[in-house]
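The sequence and structure are shown first.

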Amino acid sequence: MSESILRAQKLDAADELAALRTKFVLDETVYLDGNSLGALPAAVPERMQDVVRRQWGSLRIRSWDESGWWTAPERIGDLIAPLVGAAPGQIVVGDSTSVNVFKALVAAVRLAAEGGEGRDEIVVDATTFPTDGYIAESAARMTGCTLRPVPPAEVPGALTGRTAAVLLNHVDYRTGRLHDLPGLTAAVHAAGAVAVWDLCHSAGALPVGLDEHGVDLAVGCTYKYLNGGPGSPAYLYVRQDLQERFDSPLPGWNSHAEPFGMRPAYAPVAGALRGRVGTPDILSMLALEAALEVWDGVSIDAVRAKSLALTDFFLECVAAYVPEGAVESLTPAGHAERGSQVALRCRDAGTVMKRLIDNGVVGDFRPPDVLRFGFTPLYVGFADAERAARILAETLS
C-alpha cells in the first residue's frame, strides 16, 4: 500500500466532517464536479414527495399560506445568509444568477448616480464567466454606460471618478483563483463606486464575509456547493443600509408593497424583498430548502480548512503519481488565492476527462485544455482525492 493511500486513510479518520457524507446520495464514483452540480442531499426526495403530494396535491392554493410558500424566498435567503457572512433580512432567493446579476448591476448604476453626474462606466472582471460579461454589456447599453473589462488584480488602478459599478467574481470559474474580496471592495468604495460580487464558486466552500467587508450587492447560484439541484433558484444580497434605495430594473407584483392590491402604479416593498419579481419557483425552491438542512451545525471555517487540505493533498498526489510535464496546475498554490477546485492544463484534455469519467472519476473539461476538479468538503474525502490522482496518472500514462 502506497504512502499516499495510508495518508489518505489517516486524514479521513481524523476528518470532523466525514460523517456528513452519509447525508448525500452517492456511489463508488469519485465525484469531483460539485463546482458544477452538487450531489443530491438524502433528505430531498422525501421532502419533495410531501411538497408534491400533500402541499400541492391536497392543500393546493392553501399552501401559499399554510405551507409557507409565500415567504419561502426570504426564509430560504436567511438559511443562506450565514454561509456568506450576512445577517438575516438581506438575501432573497429566486430567479437565475443571470437575472440577479442584471438586477444588481443596473441597481448599482442607479445607486451610483445618486452621487451626481459623471458616473457612466461599468467595470467588469475580464476573466468573468461569459454570461456575467453578456449581462454587463447589456446593462451598460441600457444605462448609457461604457463597459470596461479589467483583470481583477488591475481593478484598483483602473477605477476613476467615472466608475459607477464594478462586477467581480469571487472565484475564477476556470482556474479556481480566489480574488481579494475585502481589498477590491475597499478599492471600489474608495473610488465612490458600487461593488457587485458573483459568489457562484465560493458560497458553501469558503468564508465570504459580505457584511464584514461592506459588500454592496452580491449574487450567487445554489446548485454548486449549496447542492440545491439542477436549475435551483439563485439569490440576491442587498446590504441593509442600501435596501430602501435599491431600485430594481425588474419591478414585479411580487415585490410590490401591496402585491394583491393590483395597483396600476408600482410601489416597492421595504427591504431586500424588492429583489423579488414574479411568482417564485416553488418546487425547486423547496428542494433547495431541504438541501440546506445538511448545513445545520456545520462551520464554514471547518469547511474551508478541509477544502484547503483536500486540494493540497490532491496536488501532492498529482505531483507524486503523474508523469513530470504531463499536467500544469493553473490553480494558485497559496491558500489566500485558492478556491475549492483544482484546474490542470494538459494535452487532449477533453479525451482525458472522458477516460477519467469512464474509470469512475467525474470532473469536467473546459476548452481548450483544462481539467477541472471540484472539491466539495461536505462529501469528498481524502481517499477520493488520492484515487482521482492515481487514475489520472494511469490515464495519462
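C346 is buried at 5% relative accessibility, where buried means under 20% relative accessible area, exposed over 50% and partly exposed in between (1.4 Å probe, protein chains only). The model is predicted: local features need pLDDT of at least 70, side-chain atom pairs count only at pLDDT 80 or more, and totals for chains, interfaces and linings use all residues. Residues are numbered from 1 along each chain as its sequence is written, and side-chain values use heavy atoms, with hydrogens and water left out.

The closest cysteine sulfur to that of C346 belongs to C317, 18 Å away, which is too far for a bond. The whole structure contains zero disulfides, a disulfide being a pair of cysteine sulfur atoms within 2.5 Å. C145 is also buried, with a relative accessible area of 11%.

Aromatic pairs number 11. Rings of Phe, Tyr and Trp (its six-membered ring) pair if their centres lie within 6.5 Å; planes under 30 degrees apart count as stacked, over 60 as edge-to-face and the rest as tilted. Two of the pairs are set out below.

| Pair | Centre to centre | Angle between planes | Class |
|---|---|---|---|
| F129 and Y173 | 5.2 Å | 85° | edge-to-face |
| F314 and F373 | 5.2 Å | 55° | tilted |

F314 and F373 are both buried. In the other pair, Y173 is buried at 17% relative accessibility, whereas F129 is partly exposed at 38%.

W64, W69, W70, W253 and F260 form one aromatic cluster. R276 lies over the face of W70, 4.7 Å from the ring centre; this requires NZ of Lys or CZ of Arg within 6 Å of the ring centre and within 35 degrees of the ring normal.
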